[in-house]
Amino acid sequence: MRLQGRSKTRGVDKLGLRQRSESLLLGGTALLIGLTTGAGIWLFKWLIDLFHRIAFDGLGHSLSPWGPWTMALVPLLGGLMVGLISHLFIGQERHHGVAGIIEAVALAGGRLRFWRIPAKAVAAALSIGSGASVGPEDPSVQIGANLGSMFGQWLHLSDERVRTLVAAGAAGGIASAFNAPIAGVFFALEIILGEIGGNAFGIVVLTSVIAAVLTQAVSGTQPAFRVPAYAFNSAWELPLYLGLGGLAGPVAALYVKALYVAQDLFQGWRGPRWLKPAAAGAAVGAVGIFLPQVLGVGYETIEQVLNGELPGVALLLALLAAKLVLTPVSIGGGFVGGVFAPSLFLGAMLGGAYGQLANELLPALHIAPPAFAMVGMAAVLAGAVHAPLTAILLLFEMTHDYRIILPLMFSVVISLLISQQLRHDSVYTLSLARKGIRIERGRDVDVMESVRVGEVMLRETFMLPADFPVQQLAGQFLQTGRHGFAVADSEGRLLGIVSVEDYRRAMSGELGPIDSLTVGDIATRDLITVYPDDTLATALRRMAPRDLSRLPVVARDNPRQLLGVIRRSDAVRAYDVALSHRAAMRHRTHQARLGAFLTDKLDVEEVTVEPGASCEGKCVREVAWPGECVLTTLRRGRQVLIPHGDTVLKAGDVLTVVAEGEACEAVRQICRAGPQSGGQDQA
């Protein structure tokens, strides 16, 4: 018995020693990540300043005697250089910026292709320095996150530990970029990991603090913006801040929409990929001739607005509109940079113009327009990234002003709620959602959460008019076999729902003589509805309290426009769709993990076999694939297969291809329908 006790004690001691060793290892690694992140971002900022001086003080000054139009040449030439760097050293990426980090943390154990970060940092510094309308924070986050992933992979840590170090590096990136360590912590927890708390908290805080300390030691402790003291004068200003939040939400949603519209437009352009940033640079430069404030990050303009040097409502709104267009053009065209700083710019211009108008209309309140500019920055940022705590704390740390925190929180929440109603996904998660990846709390979601109502609803808009006689309603039920109908008002808009239960209540005489009643009189008007982009789980949760068998599906921008009906019976069909989604998610997880281990010259691409393609109906070995590619997996419905030589390709098959150089485009030609499809039968 004594020997057994000693053995157990030794086992406990070993376990405790191992845990302490792991904690020391993680703590030391977090310290190292903080130091290297702070140093890397200091170097990154130095490169931005260097390229800016070369581009504008050097090249721009030399070209100025030719006329003001030469201003457009600087972003154009910068875009050309960025395009060449991306083409030669970076390659095609699955997601832009932070979205790729979120995917890696959720699906690939935090494993990133860290060897690309020097080229990406140079491309980002060149983008910002040459005047592209992008920000420095996404590259800063990528520097920190890739350093965290690098150290985690070098030390052969578990997936959970690597995820933690990636989040810690991202926190250090924000802390160094904005001199805001608290906001860095919440950025990592809200956006990268998707949850606040847990074992990662201490490591994230340590890295963020160390990165901020190094930055302050090198660059000083001053906040990002020097602003005068503001005050919240009276409670009568709160309705005005409510209005500002109500405007910031739609602006943020429009900003997110514009980013992906621009990306789709540039992706649809069949020109050389390395030439697209030059085209975007030409557009930015052309506008910059008339509005030079939109070039680059725009921090100087923001600081002018925050210090009360307001150039007028018309100019502020013009800058807002220009930035709202040029940032999507810059990102979509291929410039490397972030969306944080442009959203701050949008908020400052919106808030400055709003505050100036409010001051002119309500002079008795003695409104300080710069205060509205500062609140607008946080409101638009929160609406764009869907991270309210990060937005609030970032603005607090960037300005060191606590007195306006109450209206700041108020506007941020209003903006966030409106933005989420208009655009379900944030600027980061929309990129993932468009590829079928739904992330919640830093992990891929449950199968029923991955199915949208629009995928399984009954798409029919038949409605009974409100003046339809109740006496004829029984015939409609018998003829169609339905248990309910949507009811339309005189203008064809959704008025309510009439069910068999409503009909029975009318027949009982509770509502008056049956021959005088119409379906509009007996219909249920207090409707519970869902939107097409809601999850099926959301629809089922809304059905449960009233034991409803169906819900009307309405347009998000018009709750009186009926798009269809979702029924409980659709859940059975939805489960089959959910299983297909799960297979697709496993396929994308494989892609993300595979991509983390490839060299710079290799890329992972997803290619769909289109109906009528030259490879359709053929065995894999019968297709003349390019020599520089490997087929790794094949997704067919719910199945994820390893393709062999005798695997017959079918329309709709989704291939994961590892390819080098132009081989990816050759594979797309083989899998594309029509006479342009490549690929010859092997002799």
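Predicted model: local features only at pLDDT ≥ 70, side-chain atom pairs only at ≥ 80, totals over all residues.
Residues are numbered from 1 along each chain as its sequence is written, and side-chain values use heavy atoms, with hydrogens and water left out.

Me: Why are H6 and H7 called oblique to each other?
Reply: The axes of helix H6 (residues 159-178) and helix H7 (residues 181-193) cross at roughly 140°, and angles under 35 degrees count as roughly parallel, over 145 as roughly antiparallel, 65 to 115 as roughly perpendicular and the rest as oblique; H6 and H7 are therefore oblique.

Me: Which residues of H6 and H7 meet, and what classes do they fall into?
Reply: With contact meaning heavy atoms within 4.5 Å, the residues of H6 that meet H7 include Ala167, Ala171 and Ile174, and those of H7 include Val185, Phe187 and Leu193. By class, this contact has twelve nonpolar, one polar and one charged residues, where Ala, Val, Leu, Ile, Met, Phe, Trp, Tyr, Cys and Pro count as nonpolar, Asp, Glu, Lys and Arg as charged, and the others, Gly among them, as polar.

Me: How do you know that S3 and strand S4 pair?
Reply: Two strands pair if DSSP finds at least two bridges between them, and S3 and S4 (residues 484-488) have three bridges, in the parallel sense; Leu464 stands opposite Val487 in S4.

Me: What makes S3 and S5 edge strands?
Reply: Within the open sheet ordered S3-S4-S5, strand S3 (463-465) and strand S5 (494-499) each pair on one side only.

Key. Helix = DSSP H or I, 4+ residues; strand = E, 2+ residues; numbered from the N terminus. Axes fitted to C-alpha atoms, helices over the stretch in contact; angles between N-to-C directions.
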